[in-house]
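Hi,

Here is the structure I promised to pass on.

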Amino acid sequence: MQLQKNKTKEFSPKVIAWEVTRRCSLRCKHCRGSARDTNFSNELSTVECFRIIDEIADIGTPVLILTGGEPMMREDIYDIAEYATNKGMRVVMAPCGHLITPETAEKLKAAGIKCISISLDGANAKTHNAFRGVEDAFEKTLAGLQHAKNAGISFQINTTVSKHNVDELEKIFHLAVDLGAIAFDVFLLVPTGRGAALKHLELSPELYEATLNRIADIADTASIRVKTTCAPHYSRIQRQKEKKTNAYMGNGCMAGREFVFISHRGIVQPCGFLDLPCGNLRESTFKEIYEKSEIFLNLRKVDDYNGKCGVCEFRFVCGGCRARAYAHSGNYLAEEPFCVYKPGKKTNVAASERSEIVELREKNPPA
């Protein structure tokens, strides 16, 4: 009975990222959704968004990330944010910053937005703008960020790391600190969407490992929270280094387990980078999809992962990036292709150990 209780608790949605629109004025080279500055047909209406929020609230109150595209391009974004806030969810947003003015910043705050994430993919305008595809992106982002700060909205800095900017990693971190960020989140490039053309910018497995070690060293003495996304073996590196005091403890791959992605047209996926439709919210409820999707259920059976990921002693705290495995092999249960670690003897995780993992995740929420 205790094992079943822990299992249920472990696989409840903690974070939902909702692509409320795919429209965006930027032309980011790595864009998962290949967003562009045009109206996309058949996006979810305001009424449909409210219904989906009701369905989510029926099974919990996860962190709700309103993302895009550029979420602020929806005129009803403040209504959506306020509705979710009133349902008890912690609502955050991932805008590019260009549409944040003194007026819109106050509207975000009034709608209940607790925090925003702003992406900086370079320590200077040249590097950032080259990646974002717009000449003045860096300046506009910093200007919008200042307006959010003036309104009392906290923020984190997100950075997608590739060969394009890996040498600037520490500089970007220090910039985040200087700007007043509460967290620094490092994304490791997954070649999906527009990013499929960037395989030449992916870090090699060896450089990937070295970069994660650099991030762990930064995190160990950082005055702000440092974490990673799409780099689940960072959790393994932290435990190997025993960096458990000052650093945020990674939770590994959460796709389909504690993390869910909703597209602009209501398609549910395990994560935004794992482009596998698991259900349509115009045809099924959120609860039905989350609890019954075959893909979601398979992702929760960590022991059944292929290759070394299924036998690794760190499989429950890492699991390998399912999106990267799928992008490189076409099999979302394949082993993580960018992990150089050679597993030791496979060990079984008892109910008590599973409970410890859950408790660690409760103490270190993902957003």
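Below is what turned up in the core and among the aromatic rings.

Keep in mind that this is a predicted model: local features need pLDDT of at least 70, side-chain atom pairs count only at pLDDT 80 or more, and totals for chains, interfaces and linings use all residues. Residues are numbered from 1 along each chain as its sequence is written, and side-chain values use heavy atoms, with hydrogens and water left out.

First, the core. A nonpolar core is a set of buried Ala, Val, Leu, Ile, Met, Phe, Trp, Tyr and Cys residues joined through side-chain atoms within 4.5 Å; buried means under 20% relative accessible area (1.4 Å probe, protein chains only). The largest one has 97 residues, and Trp18, Leu66, Ile116, Ile157 and Phe184 touch the most other members. Another core, of 6 residues, lies apart from it and includes Phe314 and Val317.

Now the rings. Rings of Phe, Tyr and Trp (its six-membered ring) pair if their centres lie within 6.5 Å; planes under 30 degrees apart count as stacked, over 60 as edge-to-face and the rest as tilted. That gives 6 aromatic pairs. Phe173 and Phe184 make a tilted one, 5.7 Å centre to centre with 55 degrees between the planes, and both residues are buried.

Tyr290 and Phe296 have ring centres 5.9 Å apart and planes at 85 degrees, so that pair is edge-to-face. Ring pairs also bring Phe286 into a cluster with Tyr290 and Phe296. Tyr290 counts as buried at 4% relative accessibility, and Phe296 does at 0%.

Cheers

Note on methods: Buried means under 20% relative accessible area, exposed over 50%, partly exposed in between (1.4 Å probe, protein chains only).
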